[in-house]
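Reader: I am new to this. Could you take me through some of the terms, one by one?
Author: Gladly. Have a look first, then ask.

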Amino acid sequence: MKKNEVFSGRVILLPDDVDTDIIIPTQYMTLSAIKEMCRYAFSPLRPELAANICRGDILVAGKNFGCGSSREQAPEIIRELGIACVIAESFARIFYRNALTNGLLVIEAAGLAEHVKEGESLTVDMKENLLITTGGKRLGFAQIPSRLMEMIEAGGLVEYYKELNGVKP
Amino acid sequence: MGMTITEKILARAAGEQNVRPGQIVNARIDWLMTNDATTHVSVDLFKHKLKHPRVFAPNNTVFILDHNVPSETVNTTRVQNIMRGFAGEHGCILYDGEGVCHQLMVEHHVNPGQLVIAADSHTPTMGAVGAFGAGVGSTDFTAAMVTGSIWLKVPPTLRFELKGRLRPGVYARDLILTIIGDIGSDGAIYKTMEFGGPALSALDIDDRMVLCNLAAEAGAKNGIIAPDEIVSRFLAGSGRAVSAQDFLQSDHDCTYEKVYHYDLDKIEPTAARPHFVHNRAEVSVLEKENIRIDQGFIGSCNNGRIEELRVAAAILKGKKIKPEVRLIISPASRQVQLAAMREGLTDIFLQAGAMVVNPNCSVCWGACQGVLGPGEILISTGTRNFKGRAGSPDSFVYLASAATVAASCLEGKIADPRKYDGKETK
Amino acid sequence: MKHTLFEKILMRHTGRSAITPGEIIETAVDRVMIHDFFTPFCFAKFEEMGFTRVWDPEKIVLVYDHLVPTSFVSDSRHHKIGDEFARKHGITRVHRADGVCHQLMPELGYVTPGQIVLGTDSHSVTYGAVGALGTGIGYTEMAAVLGTGKIWLKAVPTIRVEINGTLAPGVYSKDIILQVLKDLGADGASYKVLEFGGGTIRNMSQEGRFTLSNMSVESGAKAGLIEPDSKTLEYCKKYISPAGLKGLAADDNAPYEKRLEYRAEELQPLVACPYNVDNVKPVKAIAGKKIDQVFLGSCTNGRLEDLGIAAGIVKGGKIHPNVRFLVVPASRDIYREAIRLGYIETLVQAGAIVNHPSCGLCAGRSNGVLTNGECIVSTNNRNFYGRMGDDRVEIYLASPATAAASALEGKITPPRAEADGTSIDLQ
Amino acid sequence: MIRSRIWKFGDNVDTDQIIASQYLLVTEPTAMLPFVFQSLDPEFAGTVKPGEIIVAGKNFGCGSSREQAALVLKLLGISVIIAHSFGRIFFRNCINIGLPLVTMEDFSSIAGQGDEVGVDLEQGNVFYGEKVFRFPEYPPHLLAIIKSGGLIEHINTAQED
């Protein structure tokens, strides 16, 4: 994900307070690999959703997305499913931080949900910090602090320290 | 011609004067029992297959939740709720998480001379109080619950004549593992294992339950010991008066298919290697093989009573188990749990680093609590060590006495308990 | 410049004489805790990042509590990986079956007032009850902390929660935090710190205070701090001297973004209803709802005082036949002390199923999971979809007193049934 | 007359090997089938075909009284089990659910995995290559249960008349 990129993707609409027990229920967290957990993502809320997510889709949610447990499998699974970015009115603190740690682009923007329908395309302009709906509605969002942007571009904290510790790719 | 105690019980239950081995009888049942591993199959048959479903004797039908308590999956809870609903609907007795099924039956219900049928293979435990106890499957159980009786082939009896006295650090558990090592896990198929002889005067109810319970692992239909003064004292202690004519004894001129003789002075601490109960080895031999262990378990209907907990506490007192070893202790019933707290045993276990869990089948059942991962090694006072019994198909279970389990957890490898001079001798 | 307790702790660690919300600082960490659920993930990231040794083995604590005793074949792998990492890096503080991580950390002195302590669990905020900055982070971030001993933190505004007066009988610290969650909402303290104070807090036992800090995260809070005092000193006496508390107090009229004021007398027994922690109602409002199970335990309400309150209520009574009453003491020492005081015997005689200290059902994987259509009153801290088995199990979060009263009646019941005058007395 | 391929098993195959405890507490029996013989022969559950026959040594089905051990073999389509000897409760459970068993000493040392075997339950004959082996008649009361297709069916008819 480069700094000034412009990309678009299919919208998936989620409500307020989507907690991390919904994103990945506890009983699947001892599976040895993130890949194996993906098919259970969101199962308590929408059991059919995980199987229908395609690479490049965009999650659009209400307030307090990712509240609850600090389980980092939640953002890791969302990234593994190929979600390009998560746009929510507000994020729970630990989820937001874990998302950055995993290089998952998370954008806070209010009032988007009323202007998009599930399945519609949405364009994200990281240069102008703009969200553009198929209906032509343009919504701005706050600039992501450069320190956090670096993390996302580096692909997350692991890549960041790999470089720092001189680990050969 | 005289009859054995088992033949007398079956004759009485079938309303016959006398019975012979091989004869088929239709026996009236005094107690029926089923647990959360088997009941849902019976309830399904009762509700969907039977044309005229009704429960013959609800107040003699006991439902016990003990195998997966507290429930580890939603499936288990659904199955357990079927059981709870049925017991409530038909007025059967229900124990919900109060302890292991056979322990509760002996503690609260079964009397000498009675006939007990249960959907659990360790029902021979009832022989400790001079009753006939045999295990059946869910369909048999359902039929028995509806008709109140069951067809049984009268088994020939093998007599185990016991003399002498167990030495310090040696327990009834070591004796029965030695016997099964001798006769093999099919050594008593379709037969009764009757234990008797002068040694019995020094074997209390706990020891007798250990012997009769594990008879199932030699394939026996039932295990039994003629009731005596020790049994009547035990029954009085739990508020049950029993008439003398229920204290059946084998006639002096009864016929035994075979008689085995055991001198208890010669018994050594014994274990069963994975993956068979008859795969016997002396603990002193295993000690030399430096077998590292991951987990120890003290509990089960065979070896989870206050007597075992006293033996384990005597060894663990003031010491600590190896840090990377898990020792799980499950009192066999609520009564044992309360007694262990009052006698300060629980505190000793907690100081030693053990886990003291709720009264249930626990690691012996191996499907809910204390489940082993691949490659892990368990030493257990449970009833079975079959492949994968306590979790992963690639895990290993050694069976042994509570003393051996406690000693092994102190050393992190299988160890002979006698060096801890088990002050708690019998 | 006036500062909150949170800002004072950051200043103490960075040597700065002032700090304002929004500033990002980097600070050393006094202690970290990793529990068994995340050992495989955390340590794999640590290796992947190319770290070869931990920054300081003395400052790392491993606690096995979510998967203890094991329920599935895959569980012990998490413990084996933890043991291996501890052996390789000389970590000696490994607790394999001693109780819940957030109870052990303060109980064993691994957290003391004024420290910064991180855990791979969102309820690490519990440590705020002894005046320490405790907060939860993800396992990748923890891997980086293991390698560097440092973390970046954003200074955030503080919300002051002031409670004065005396709680009515039957009303406990759990009811206070449920009231706060009702007023703030599940994200009311997101990117903020809660600071609890006032007369009611000063009179509250140290154990009661842990419940407040523990659930501050349920409103999104980064930390839930309580000014350490003589009670904290008594609780941590084996590990700190009075000097350790110097300077650990907010300045008078420190800059709070918001103040919540409560009169303790006006509070009543509350319950968080499915499926959100801020969906809080008076217990009276839903009294009478049939229940199938009660869980007494967790790092929120599994302490000695909680077991004592429940024992007082069930003493001489019998748990309702339709209810499974599961009790899990929060730590080994609490379990021993509760046995010595007779609490466990009373609970078992009433029909409770008492288990070895661990997260128990609160971990939400085994240990008493329920099916859709079933209903449970529980003293832990979360009631989301699927948190205790099937995805629509109804979980009602309440105090140990409400839980015990409900277990007796077989339906949701307030601890002091004022309505019909029958009072289920406490001790 | 049943004629089919056989699956060979050794001595002392206990019911934990047939179906492990952790798979028993399910409301839908078919949920157990993928795990049958998981610890002994993981291929079995996926490759066994309806009608096939199990041949085993001593003490087949020893151990636990779990009737699910008999049920899962019947649901997988096993038509008959021939063994040197059976665990007592397992024998009873198979009869009760209408899964026929044949006790025949040392047959397992003759027949090999995958061989063809024929079984005539009424006449009491087992055919292997050119050889014919007799096995003892069932006692009358067992034959009655087998004929009605199982114990419950037997009770239903008995309660009728």
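Reader: In which hand, left or right, does α2(C) pass α5(C), and what makes a crossing one or the other?
Author: The crossing of α2(C) past α5(C) is right-handed. A crossing is right-handed if the near helix is turned clockwise from the far one by less than a right angle, and left-handed if anticlockwise. This is a predicted model, where local features need pLDDT of at least 70, side-chain atom pairs count only at pLDDT 80 or more, and totals for chains, interfaces and linings use all residues. Residues are numbered from 1 along each chain as its sequence is written, while chains are lettered from A and ligands numbered from 1 in the order in which they are written.

Reader: Which residues make that contact?
Author: From α2(C) come C:F41, C:C42, C:K45 and C:F46. From α5(C) come C:Y139, C:T140, C:M142, C:A143, C:L146 and C:G147. Two residues are in contact if their C-beta atoms, placed from the backbone, lie within 7 Å.

Reader: How do those residues divide by class?
Author: Seven are nonpolar, two polar and one charged. Ala, Val, Leu, Ile, Met, Phe, Trp, Tyr, Cys and Pro count as nonpolar; Asp, Glu, Lys and Arg as charged; the others, Gly among them, as polar.

Reader: Why are α2(C) and α5(C) called oblique to each other?
Author: Their axes cross at roughly 55° and come within 8 Å. Angles under 35 degrees are roughly parallel, over 145 roughly antiparallel, 65 to 115 roughly perpendicular, and the rest oblique. The two helices are therefore oblique.

Reader: How much of chain B counts as buried?
Author: Of its 426 residues, 66% do. Buried means 20 or more other C-beta atoms within 10 Å of a residue's own; exposed means 12 or fewer, and partly exposed is in between.

Reader: How many residues of chain B are in contact with chain D?
Author: 45 residues of chain B meet 38 of chain D. On the chain B side, α5(B) gives the most, with six residues. Among the three pairs of chains that touch, B and D have the most contacts.

Reader: How far apart are the nearest C-alpha atoms of chains A and D?
Author: They are 16 Å apart, and these chains do not touch.

Technical notes. Axes fitted to C-alpha atoms, helices over the stretch in contact; angles between N-to-C directions. Helix = DSSP H or I, 4+ residues; strand = E, 2+ residues; numbered from the N terminus.
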